[in-house]
Each structure stands twice: as structure tokens, then as C-alpha cells.
Amino acid sequence: MAEIEKLPLTSLDIKAHQLERLKEIFPEAFTEGSKVDWDKLRLTLGEAVDTGKERYGMNWPGKSECFKTIQQPSIATLVPAREESVDFDTTQNLFIEGDNLEVLKLLQKSYLGKVKMIYIDPPYNTGKDFVYPDDYSENLDTYLAYTGQVDAEGKKFSTNTDTDGRYHSRWMNMMYPRLFLAKNLLTNNGVIFISIDNHEFDNLKKICDEIFGEENFITCIANTNNPKGRSDDKYVATAHEYVLLYKKQEITFAGWQPEEKVTRRYNKQDEQGEVYREIDLRKTGDNDRKDDRPNLFYYFLFNEETGDFYPTRDESIPSGYTQIFPQKENGELGNWRWELNTALKNKKYLLPKFMPNKKVWSVFEKDYFSPEKRIKPTSSWTDKVFNSERGSEQFIELGFKKEIFPKPKPIGLIKKILEFTIRSEDSDSIILDFFAGSCSTAHGVMEYNAENETEIKYICVQLPEKTEEDDDAFKEGYKTIADISKERIRRVIAKIKKEQKENKTLFSERQKPQDLGFKVFKLQKSNFNIWNAGVEKTPEAIQQQLFSHVAHISPEAEQEAILYELLLKSGFEVTTSIEQMSIEGKKVFSIAEGELLICLEKQLTHEVIKAIAERKPTRVICLDEGFQDNDQLKTNAVQMMKSKGVVNFRTV
């Protein structure tokens, strides 16, 4: 009998994925059974292999467990919550309520290499931050216990105090697996921005150097978010925090829209209408003397009558020409900023100019402001849009009390990052924030789309961290931080819709309406009874798991929840278009315009199998239960699918 292949119901196997990537580059280093032959790999790499006992690197208690955590596939799923969503069937935006480690694992198949930019504002480990389990093991059971979906005894989520003996280690054990998995989701030209303060800056930098590679570090931005400084600091009032920026491979930034105080410097215009500013070519610092850098000393000759103008080392002065040299204000000879060859190649960007107040001639560079020569951002961000007080104001403007969520990130920070990252060809990119908090990222993306007619999509992930009963948030009806997140998105949507209605002229030229919706999904255990290889190895635990597999599908599972789990674990985005149809009296779901057909009926017939095959989808998934132990129907189904070119037919 022809066997139908089973659909894997776990997340992407990271270990297998890493081995596949290694095999693509070094196939000669693999033996039968896809085992790595380390001796051959060393021979291939030659001197690049470090065989010494002492190596440069970073280690801490629990680091080896981080890799076990990464390699352990998730057996969870994401269940849709329509009633908490806006425009569920049409929107491309996602809010996922759940532990971000499990969620990142579940996104690996569907979103691998698809995320253009990640921004996160993780816990700073100040001693009061909400962090993760007390030991190194972290899995779905930890999350289910925390959210009360199973017996809450055992692992618990807590704060990480600086009196703990493994204060830094616990934070690093929390961050490392998440950043490792996040990197997989980035496009090859993707970037990650991470906000952090001085408590864990050095540890975060070393973790990122290891995961992304030192060569992919772009910069560390000093973000002045509190110009007055923190009054409770002991010695120096801290006025800034940091934003670490890494790329995955190579990236071309969109450029940076400078502030008005920068653009107003470009106050000249040429005959073609191009805007530029004049920059003195002289180097006039105390250390810029002719004798120090003789290669930067030469002359310009200028004929006022003919306009002839050129650089030269020849000291002779032809008749009718003025000799211009880099003279400092004190009369001392200085240098030019450009070497002679550079000046010869770029002579069209230079102009001689007499300065009456200084009574000397000089040469000025015409520095153009144009798309070809964008102004680079600096590593110091001081604009008031980055101010943390502005973040609180924007939160209050949506009708929230300030005390409900302290110090939300200002949306100006998000919008500036988008402006920096998103080029015209990236206007429909996916942006991910897996420490979403109050969802400043979603807020910033929606406003950026409204202002720029882009179609950027966001995925925000937030743990349903419980609010305390004496907190203002709890009193206002928000039982978890995730509840605040979702409500903020709804209020931003209402605000933008109101603005668009009141200002029809501004938004009338949009080619298509803005996506002002979001799908809500919640992390839960699988709808299928999946064998958990990580279960405790005791007779009682194994026996309990065996009994749970008598019924393959959870009796509480709803058909839509099963459908989305199959989508996710088949590698489709959960925002993929779904069409419900009737084929031979049976309900069938068409995914991505017929690329995948899913039938969840519990009584399949020869007719429906044949009709599905005749539609020639790329992939088909049916419930194993639907064959009702009819081996002949299974065999016929396999043959029918093969005959119609269905390359992937699986059951669950």
C-alpha cells in the first residue's frame, strides 16, 4: 500500500536547517547519513580553523543551554482571535500574544528571510524588569504555566534582581536564543535596531557580534531621550540610551531626511536649479600646516577675465592669473582638504572666491544636496521626536492615562528608523517587533504609511504580562500588557481613519486604501496531540502521553484554528489569502489562489479526492482521520494525486 507522507506539526528544525546551510557550502565535509566529518571540514578550511584551547569569545553560565533551547522545535500553534481583530479577513498586519521565543520558532517556516527590519526594545535588566524563567530551560510548558492554561506550579516568570548570583547570565540566556532566531527571519539586506541602556550594553554588543558577526555591526547610536538627565543617577545624570544597529549581510539605506536646520545650509542654486552649499576647501586647524602634509599643498590658478581655473603644483604664475593657496587667517600656510588628483577629477565642483573680510582668495567646494549624495545620519540622535516624554504624550493623546504604561517609545523614533531603512522598492516590507510593549512600533508604522503612501506591514509580539491589581492599568480593565497593546492599535486605527475622513484632499490621491486592520493570534498548544520528545522520561509521564494520542486531534480544536496551524506549519504566512469552497459536497480551503488545498472533513470520498486532484494544486493536506481506515481509498488517493502532478500530498 502506498503510504501518504505525514505533515510535520512542529516548527522549523533549526539544527537540520543549519546543517543544510553548511552542506550547501561544504558538501565534501559530510558523510553518509548527513553527519559532519570534522577532519574534512578542517582540511577544507585550512588555517582558518582555530584548534587552540584558549579562544577569544564570550561565555557565561547557561550558554550551552541556549543552543539546546534554539534547537528544540516548538509544538505550539497560533490560534486566531477574530473578535479582538480589525478587518481580520483582509489585513496583512499581525499582533501575536504569547512568549516571543515560542512565537519566533513558529514564524521560522513562514517568514524565513522575509522581514526587512526588526526593532526591539527589550528589558534593560535594571533589577525591576520582567524577565523569563529562573532556570535555563524554557518552552511551551513554561508559558502555559504562566498564563494559567496548565497547573501553574513549577516554573514561573519573575523579575531579575541585581542581588541574584546570575543577574547578567539570566538576561543573556533570555536574549541569545531570541536574537539567533530573529536573524533567520531577516532578508539578506535586512537590519535590526535594538534599544538598550548601559546596564547590559556591553553584553548585548558581544552577543550581537557573535550572532550577526562583527563585520555586520553598523553603528551604536547615542539616542538623547531625556535631555535633562535622570535626577536619580548617583554621579552623572544620564541623558541618553543606545540603539545598536546590525545588518544581516549587505544593505543600501534609503538615506536620511535631515532636519530643517541642516537643509537650510544648502542656500545656493546652480543654473540647472540644483541646490548646493559652499564649503571652504582649506584646512585651517592648528595641526594643518604645509610642512605636515606636503601632499595636500598645491596652488590654484584663476584668470578672472577668461574664467580659466585649475589646480597645479607649478609655482610660476602666468600673466593675468591669480595664484590661490591655502593661507590660514594668521598668515601661515595650511593645506587643502583634497589631494591634487582629487581636485583635478572634481574641478567642476570647485569655484574660486575672494573673501573681502579676510582679504584672501580661497577655493570652495559646491556640496550638492541630491538623491545621489544623501546626507548621512550621525551616531548622535538629539531631535525632540526621540524624547521619552514625547512618547508619553503620544500615548496620552490616544486617551490613555499616563500611569497605564510607563515610558512608551516615541513614535518619532520608529518613523525615523523607517525613513532611514525603507527605500521605494521596500515600501511593502515586513517590520517585526517581538518586544512590542504598548505597540509604539505598530503606531509608528501606521502613521508612516499614512504620510508616505507606503504599505509596510507589521508583526508585533507581546507576552500577556499580568498587571497588578493595584495598578492603574488593571483598574482600567487591562488585565495584561497585551491588552494595552491591542487597545492602542485600535485607537490609532480610529485616529487615522478620523483624520483621513476630515482631510479628504490629503488622502484622496492614494492609489488604494491604507491597510488599517490587524489580525490577532494567540499562542496555544497544538490542536493536534504531537509527541513531545522533551517530556520527562518517567513511566507515568510517558504513559500519560501515550493515552493522549488515542485521539489525534484535540476535542476542543475549532476548524479555523486547525486551518491556521496547518498554514503556519506548511510554511505559509498566516495573512495568506484563504477561500472556502465546496467540492463534491465537502468543505475545502483554497490557499494562495489554489496553490494549497486543505480538506478537514472527517469522511473523505473517492469523488472529493479526485476533484481536488483535478484542480492540480501544488500541495494538498487532508485529515488522516478522513480516510476512516480505508486503505484502498488511501492508495487510490496517492495515485490520483501523482497522476495530476500534485507534488506534495500529506495528511495530519
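**Sheets and helix packing in a predicted model**

Biologist: Happy to look at this with you! Which residue in S18 is the bridge partner of Val115?

Modeller: Keep in mind that this is a predicted model. Val115 has its bridge partner in S18, and strand S4 (residues 115-120) is joined to strand S18 (residues 430-433) by three bridges, the two strands running parallel. The bridge partner of Val115 is Ile430.

Biologist: Thanks! Which strands stand at the edges of the open sheet of 10 strands?

Modeller: The order in this open sheet is S2-S20-S3-S19-S18-S4-S5-S7-S6-S17, and the pairing is mixed. A strand at the edge has a single partner strand, so one side of it is left without a neighbour in the sheet. Those edge strands are S2 (76-80) and S17 (380-381).

Biologist: Which strands does helix H12 touch as it packs on the sheet?

Modeller: Let's start with helix H6 (residues 167-185), which packs on the sheet against S4, S5 (186-196) and S18, its direction making about 155 degrees with that of S5. Helix H12 (residues 440-452) packs on the sheet too, at about 170 degrees to the direction of S19. The strands that H12 touches are S4, S18 and S19 (457-462).

Biologist: Are H12 and H14 roughly parallel or roughly antiparallel to each other?

Modeller: H12 packs with helix H14 (residues 481-502) at an angle of about 15 degrees, and their axes are 9 Å apart. The crossing of the two is right-handed. Angles under 35 degrees count as roughly parallel. Therefore H12 and H14 are roughly parallel.

Biologist: Nice. How many nonpolar residues has the contact of H12 with H14?

Modeller: On the H12 side, Ser440, Ala442, His443, Met446, Glu447 and Ala450 take part, and they meet residues of H14 including Ile489, Val492 and Lys495. Sorted by class, three residues of the contact are polar and three are charged. The number of nonpolar residues is seven.

Biologist: On to the open sheet of four strands. Which residue takes a positive phi in the hairpin of S8 and S9?

Modeller: This sheet has the order S8-S9-S16-S15, with antiparallel pairing. Two bridges join S8 to S9, and five residues lie between the strands in their hairpin. The residue with a positive phi, near 85 degrees, is Gly273.

Biologist: Which residue in S16 is the bridge partner of Tyr276?

Modeller: Tyr276 in S9 is the bridge partner of Lys268. Strand S9 (residues 275-280) is also joined to strand S16 (residues 360-368) by five bridges, and the two run antiparallel. One of the pairs there is Asp280 with Phe364. For Tyr276, the partner in S16 is Tyr368.

Biologist: One last stop, in a loop: which side chain makes a polar contact with the side chain of Glu425?

Modeller: Glu425 sits in the loop between helix H11 (411-421) and S18. Its C-alpha atom is separated by 9.8 Å from that of Ala254, 171 residues apart along the chain. The polar contact, at 3.1 Å, is with the side chain of Arg423.

Definitions and conventions:
Residues are numbered from 1 along each chain as its sequence is written. This is a predicted model: local features need pLDDT of at least 70, side-chain atom pairs count only at pLDDT 80 or more; totals for chains, interfaces and linings use all residues. Side-chain values use heavy atoms; hydrogens and water are left out. Two strands pair if DSSP finds at least two bridges between them. Contact means heavy atoms within 4.5 Å. Axes are lines fitted to C-alpha atoms, for helices over the stretch in contact, and angles run from 0 to 180 degrees between N-to-C directions. Angles under 35 degrees count as roughly parallel, over 145 as roughly antiparallel, 65 to 115 as roughly perpendicular and the rest as oblique. A crossing is left-handed if the near helix is turned anticlockwise from the far one by less than a right angle, and right-handed if clockwise. Ala, Val, Leu, Ile, Met, Phe, Trp, Tyr, Cys and Pro count as nonpolar, Asp, Glu, Lys and Arg as charged, and the others, Gly among them, as polar. A polar contact is a pair of N or O atoms within 3.5 Å; within protein, one must be able to donate a hydrogen and the other to accept it, and residues adjacent in sequence count only if both atoms are side-chain atoms.
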